[in-house]
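Please report on the aromatic pairs and on a few residue surroundings in the structure below.

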Amino acid sequence: MGRHTSEITTPSPADQLASELQSLKSGAGLTYARLSERTHYAKSSWERWVNGKQFPPRDAVQSIASVCGGDAERLLELWRLADSRRIAFVPVGAPAPATTAPVAGAADRSPAGDADAACPHRREATLLRRVALVSLALGAGGMLAAAGRRPFRREV
């Protein structure tokens, strides 16, 4: 009879993090809706993060540790490890995942700057809004010119 050896695999740091988040949530007796009420993240986001479907932002890990009374330092260390492994295994040609890791000098920022760190796409969204407004203004001026009217012409 042949010997059957099963391969023992340890969960990835991302899986360990999701398991820790699940334990915190369950230990605190919170539903996803309650967790959402106590943090600034949607319940659907919490469901994805806690179940390991999506990697959570650093701020969310801090939030759940604070709300559920978990060890924030240990969770953040696990998050850092999982994040470094996640970035290390990005396939060639795939876009690198966005991170919200602290930037040098982050302690000097105002509270408004913290909002930018929580939303890495905020600057891009602001730029797109500005481009859209300029395009709209140029388009309106072009339509007026095509109609034979000068914008802002004073009648004498």
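A search of the whole structure, a predicted model, finds four aromatic pairs. Rings of Phe, Tyr and Trp (its six-membered ring) pair if their centres lie within 6.5 Å; planes under 30 degrees apart count as stacked, over 60 as edge-to-face and the rest as tilted. Two of the pairs are listed here.

| Pair | Centre distance | Plane angle | Class |
|---|---|---|---|
| Tyr41 and Trp49 | 5.2 Å | 80° | edge-to-face |
| Trp46 and Trp49 | 5.2 Å | 85° | edge-to-face |

Tyr41, Trp46 and Trp49 make up one aromatic cluster. Tyr41 and Trp49 are buried, and Trp46 is buried too; buried means under 20% relative accessible area, exposed over 50%, partly exposed in between (1.4 Å probe, protein chains only). Helix 3 (residues 43-50) holds both Trp46 and Trp49, three residues apart, about one turn of the helix. Helices are DSSP runs (H or I, at least four residues), numbered from the N terminus.

Another ring, that of Tyr32, has Lys25 over its face, at 4.5 Å from the ring centre. Such a placement requires NZ of Lys or CZ of Arg within 6 Å of the ring centre and within 35 degrees of the ring normal.

Pro13 belongs to helix 1 (residues 13-28). Pro13 counts as buried because its relative accessibility is 7%. Leaving out residues up to four places away in sequence, Pro13 touches Leu78, Leu81, Ala82 and Arg85, where contact means heavy atoms within 4.5 Å. Trp79 is 66 residues from Pro13 in sequence, yet their C-alpha atoms are 7.6 Å apart in space.

Residues are numbered from 1 along each chain as its sequence is written, and side-chain values use heavy atoms, without hydrogens and water. Local features need pLDDT of at least 70 and side-chain atom pairs count only at pLDDT 80 or more, while totals for chains, interfaces and linings use all residues.

Notes. Helices (H or I, at least four residues) and strands (E, at least two) are DSSP runs, numbered from the N terminus.
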